[in-house]
Amino acid sequence: MAKRKYSISISDKRCRSCGVCWEICPPDVLTWQPPLNKAIINNLDACTGCRLCEWLCPDFAIVVRAEETQRREPAT
Ligand code: SF4
Ligand code: SF4
């Protein structure tokens with residue numbers, strides 16, 4: 001079975017560099033970028049789509065989405 005892919009968007013405006021997301025992400029997908037230490041994506045391929053980062057970000061800066069998988073053709 002193919003591995004499911006996810007996309008992560010992080011709002012630079014909302015992020016306040018608290019570190020919650022990169023501390024709780026189990027596979028270390030997220031990290032920070034100096035000098036402001038805003039959250040950035042480090043290793044998207046490792047994302048499991050658990051959405052812990054989205055749920056726990058106190059500033060609602062992260063949105064995780066499952067990318068569309070192959071569409072099934074409608075029955076005729
Ligand atoms: S948890 Fe939210 S506010 Fe905190 S560093 Fe991550 S994206 Fe930024
Ligand atoms: S959805 Fe889960 S695995 Fe993916 S970046 Fe967020 S905490 Fe990490």
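The model is predicted. Its chain has 76 residues, of which 14% count as buried.

**Fold**
- The chain contains 2 helices and 4 strands.
- Along the sequence, these elements follow the pattern β-α-β-β-α-β.
- Of the chain's contacts between residues at least 6 apart in sequence, 52% join residues at least 24 apart.

**Surroundings of Leu52**
- Leu52 lies in helix H2, which covers residues 52-56.
- Leaving out residues up to four places away in sequence, Leu52 touches Ile24 and Cys25.
- Leu52 and Cys21 are 31 residues apart along the chain, while 7.7 Å separates their C-alpha atoms.

**Nonpolar core**
- The largest nonpolar core is made up of 11 residues, including Cys21, Cys25, Leu30, Cys53 and Cys57.
- Ile8, Val29, Ala39, Cys47, Ala61 and Ile62 also belong to this core.
- Leu30, a member of the core, touches Cys21, Trp22, Cys25, Ala39, Ile41, Asn42 and Cys53, not counting residues up to four places away in sequence.
- In soluble globular proteins, nonpolar side chains tend to be buried together.

**Ligand 1**
- Ligand 1 is surrounded by 13 residues, and the closest are Cys15, Cys18, Cys21, Ala39 and Cys57.
- Cys21, Ala39 and Cys57 are also listed in the largest nonpolar core.
- The shell around ligand 1 consists of 9 nonpolar, 2 polar and 2 charged residues.

Technical notes: Residues numbered from 1 in each chain as written. Chains lettered and ligands numbered in written order. Predicted model: local features only at pLDDT ≥ 70, side-chain atom pairs only at ≥ 80, totals over all residues. Near = placed C-beta within 6 Å. Nonpolar A, V, L, I, M, F, W, Y, C, P; charged D, E, K, R; others polar. Contact = placed C-beta atoms within 7 Å. Core = buried A, V, L, I, M, F, W, Y, C linked by C-beta atoms within 7 Å. Buried ≥ 20, exposed ≤ 12 C-beta atoms within 10 Å, placed from the backbone.
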